[in-house]
Amino acid sequence: MKRPVILCVDDEHFILTVLKHQLQFQFESDCQIETAESGEEALELVEQLLQNKIEIPLVISDQIMPGIKGDKLLTKIHAIAPNTLKILLTGQADADAVGNAVNNGNLYRYITKPWERADLNLTVKQALHSYFQGKQLAQFYANLEKQVAERTRELHEKNQVLAKLNQQKNEFLGIAAHDLKNPLSAISGYAEMIKMDFDEIPPEEMLEIVDKISISSRQMFELVKNLLDVNVIESGQMNLSLSIIDILPILQELVKHYRERAKAKNIQLQFQCLEKQYHALADKNSVQQVFDNLISNAVKYSPHDKSIYVHLSQDDNFVRCEIQDEGLGLSDEDKQKLFGQFTRLTPKPTGGEHSTGLGLFIVKKLIESQQGKVWCESQLGQGATFIIQLPVAKI
Ligand SMILES: Nc1ncnc2c1ncn2[C@@H]1O[C@H](COP(=O)(O)OP(=O)(O)OP(=O)(O)O)[C@@H](O)[C@H]1O
Ligand SMILES: [Mg+2]
């Protein structure tokens, strides 16, 4: 780094030499001492130094000089180097010049000639101290301003994220309330019906109405259960307990359960595996919930008279389960939305089943929080295959 410069200006060569000598002796370790024998030469030098990005903490100038006088020179220097401190050396009491330099050149001090050596040394020392402290302070404020701007930007971004989350929450609540309203108004309608016509309703019809009430309450229960699951997931309070579990009996149980339901649509539910055990490191309850949703979806969205294949396999790293159906399949657009919240896509239940649109969202969160993976391979019109991978448990 180039050393900062103290510039001394005087038309008397002898005075300039004495001044330079004194300052060099005292301040050489901090600054370089430069001299100019006229105001014009001083201005040129200042411009050159500034162009070369050399700092000028201090200019000491004589007042009475041919050409530009000291007070005018300091005023001009102030215009191009406002941070530079200025000292005026006055031969005889020249109050006007000092006043002018104070007002227009931001004069730091004036010293009368002949100066006292100690007085000049102390004044220059204080000037340098003040200049470098001012610079540090300016740097500090600039950093502070930068930090404030940065924090303000971060705060603004966070506010935007919060506003978006708030909007999503409102949408979520809106859909949930809407989905709860339908079964609730059905229940209240049936209750009203029973109250009004209690004596006229034959027992078989009464049973039908009670059945409908029961279906509506089950739908509400399913939705509330899913909403609570989503709430637990979103608030990061999922309480999974990972242990070594065998996936085989879980799947066998579910396949058995859904075979009964599939029968109603004449759907064949086939299960294939080669080995006797499929140990994974996972949370048993959530694995059950995940496969329940995937198999129920396959049955729910498959047309009548089709087949569903559940295939279990494993390698060194993963236990893998594929659930393949012969349903409508999914378009690329639908596939992108598949694991979102309240996604009821183009395929609709083929047997009047209930659909909350939250199942796959929960599946993905549950699987990913136990280092597993879930994805869907499908082409429109060619069925869908949902694949789950869970980390294998090495026993
Ligand atoms: N096997 C599949 N074949 C075709 N479409 C499917 C299949 N599985 C899911 N989908 C589509 O994805 C949507 C979201 O499925 P998801 O399991 O998240 O919700 P749901 O089945 O509608 O309701 P829930 O699982 O909460 O009872 C479904 O509405 C359906 O349109
Ligand atoms: Mg589902």
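The following legends describe close-up views of a predicted model.

**Figure 1. Division of the predicted protein into three domains.** Domain 1 spans residues 5-115, domain 2 covers 154-234, and domain 3 comprises 243-391. Taken over C-alpha atoms, the centres of domain 1 and domain 3 are separated by 86 Å.

**Figure 2. The crossing of helices α2 and α3.** Helix α2 is formed by residues 39-51 and helix α3 by residues 70-80. Their axes come within 10 Å and cross at roughly 15°; an angle under 35 degrees counts as roughly parallel, and α2 and α3 are therefore roughly parallel to each other. The crossing is right-handed. On the α2 side, the contact is made by Gly 39, Ala 42, Leu 43, Val 46 and Leu 50. These residues meet Lys 72, Leu 73, Lys 76, Ile 77 and Ile 80 of α3. The contact of α2 with α3 consists of seven nonpolar residues, one polar residue and two charged residues.

**Figure 3. The crossing of helices α5 and α6.** Helix α5 extends over residues 117-197, and helix α6 over residues 203-234. The two axes come within 9 Å, with a crossing angle of roughly 160°. This angle makes α5 roughly antiparallel to α6, and the crossing is left-handed. Helix α5 contributes Ala 176, Asp 179, Leu 180, Pro 183, Leu 184, Ala 186, Ile 187, Tyr 190, Met 193 and Ile 194 to the contact. The residues of α6 that take part are Ile 209, Lys 212, Ile 213, Ser 216, Ser 217, Gln 219, Met 220, Leu 223 and Leu 227. By class, the contact of α5 with α6 contains 14 nonpolar, three polar and two charged residues.

**Figure 4. An open sheet of five strands.** The strands are arranged in the order β7-β9-β10-β12-β11, and their pairing is mixed. Strands β7 (268-272) and β11 (373-378) form the edges, each pairing on one side only. Direction ignored, neighbouring strands of this sheet are turned by 15° against each other on average.

**Figure 5. The pairing of β9 with β10, and helix α7 across the sheet strands.** Strand β9 (residues 307-314) and strand β10 (residues 318-325) run antiparallel and are joined by seven bridges. Within this pair, Ser 313 of β9 stands opposite Arg 320 in β10. Helix α7, made up of residues 247-263, lies across β7, β9 and β10. Its direction is at about 165° to that of β7.

Key
Residues numbered from 1 in each chain as written. Chains lettered and ligands numbered in written order. Predicted model: local features only at pLDDT ≥ 70, side-chain atom pairs only at ≥ 80, totals over all residues. Pairing = 2+ DSSP bridges. Helix = DSSP H or I, 4+ residues; strand = E, 2+ residues; numbered from the N terminus. Axes fitted to C-alpha atoms, helices over the stretch in contact; angles between N-to-C directions. Contact = placed C-beta atoms within 7 Å. Domains from an automatic or database assignment. Parallel < 35°, antiparallel > 145°, perpendicular 65-115°, else oblique. Left-handed = near helix turned anticlockwise from the far one by under 90°. Nonpolar A, V, L, I, M, F, W, Y, C, P; charged D, E, K, R; others polar.
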